[in-house]
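Q: Could you walk me through this one? I'd like to go over a few local features.

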Amino acid sequence: LDDPQLLLLRELSRAEETLLEDFRRSANRFRDQLHRFYPQMLQLCSAADEPWLWDLIDVAPTPAHVALLSEEQVQRVLTAHRIRRVKAQEVLTCLQAPALPVAPGAAEAAQAHCQFLLPCLRVLAEQLQACSQQVSALLHTLAAEPGDGEGPSDVAIVLSLPGVGRKITAWLFAEAAQPLAERDYQMLRTHSGVAPVTKQSGKRRVVVMRRGCNPRLRHALYHMARVAMQCDTHFNSVYAALRAKGQRHGQAIRNIGGRLLRILMAMLRHRTCYDASRIRREPVVQMG
């Protein structure tokens, strides 16, 4: 059986993803209603998913209410949410643009729909923040625990990798706790979709991407490799060399993901954190 804390981490990680999907779905619905009658608001926040915009809509729910809106009211909303990228006068100027002509009653109908969606968005945003805080606190607790012998814990070792943060670490331990505990590199690269599939018939041999895998683990490995390629000079040079050899972006990213998993397995076996100075530098392919 898995550790009770890992079971809790798995549940919180999946709950966070579900809450994020629900939040995006509700935000998209809210944005569609604003697009019907209040597109000026979308110029301030195109996704309509920020709390300061919701409070601003409470003050001016329809374009007709903008005429009664003062600069002081807008400034209070911006100050409460610490918004500095726009000024109160700029917000007023944007909202005072000519309203979109709509059929009689359409603005009131869309505004009534928005009033039902706003409480849902606020609740989902609060739950999403609370869930992410619980995940962070649990990872901090697991990282502080001593590992086997004198080395750091598995969570601390994973967090030391380039391209790995709170969400990626939670996904790895939520979906691949067994291969991580067993230090099974082949199982981990297979479940994450990094290992390719070879199809052979007679003299014809084709290597294709593995489709049968854990989608959440594939997602985690993709973003781990992508961020490592962007933030680490070594993996950036490896990506450039792979692209120079003719590999596509997805192939190069999966290649980097496999290298990261191989490094991670070595780190877990030797109970050491990531040290960029110990990475063996591979020659970069020069194009003629």
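Q: How many aromatic pairs does a search of the whole structure find?
A: The search finds 2 aromatic pairs, where rings of Phe, Tyr and Trp (its six-membered ring) pair if their centres lie within 6.5 Å. One of them joins Phe37 and Tyr38, 5.5 Å centre to centre with 45 degrees between the planes, and is tilted (under 30 degrees counts as stacked, over 60 as edge-to-face, the rest as tilted). This is a predicted model, in which local features need pLDDT of at least 70 and side-chain atom pairs count only at pLDDT 80 or more, while totals for chains, interfaces and linings use all residues. Residues are numbered from 1 along each chain as its sequence is written, and side-chain values use heavy atoms, with hydrogens and water left out.

Q: Are Phe37 and Tyr38 buried or exposed?
A: Both Phe37 and Tyr38 are buried (under 20% relative accessible area, with exposed over 50% and partly exposed in between, for a 1.4 Å probe and protein chains only).

Q: And where is Leu100?
A: Leu100 lies in the loop between helix 5 (88–95) and helix 6 (helices are DSSP runs of H or I, at least four residues, numbered from the N terminus), and at 39% relative accessibility it counts as partly exposed.

Q: Which residues is Leu100 in contact with, leaving aside neighbours within four places in sequence?
A: Leu100 is in contact with His35, Arg36 and Pro39, contact meaning heavy atoms within 4.5 Å. The C-alpha atoms of Leu100 and Pro39 are separated by 7.6 Å, although the two residues are 61 apart along the chain.

Notes
Helix = DSSP H or I, 4+ residues; strand = E, 2+ residues; numbered from the N terminus.
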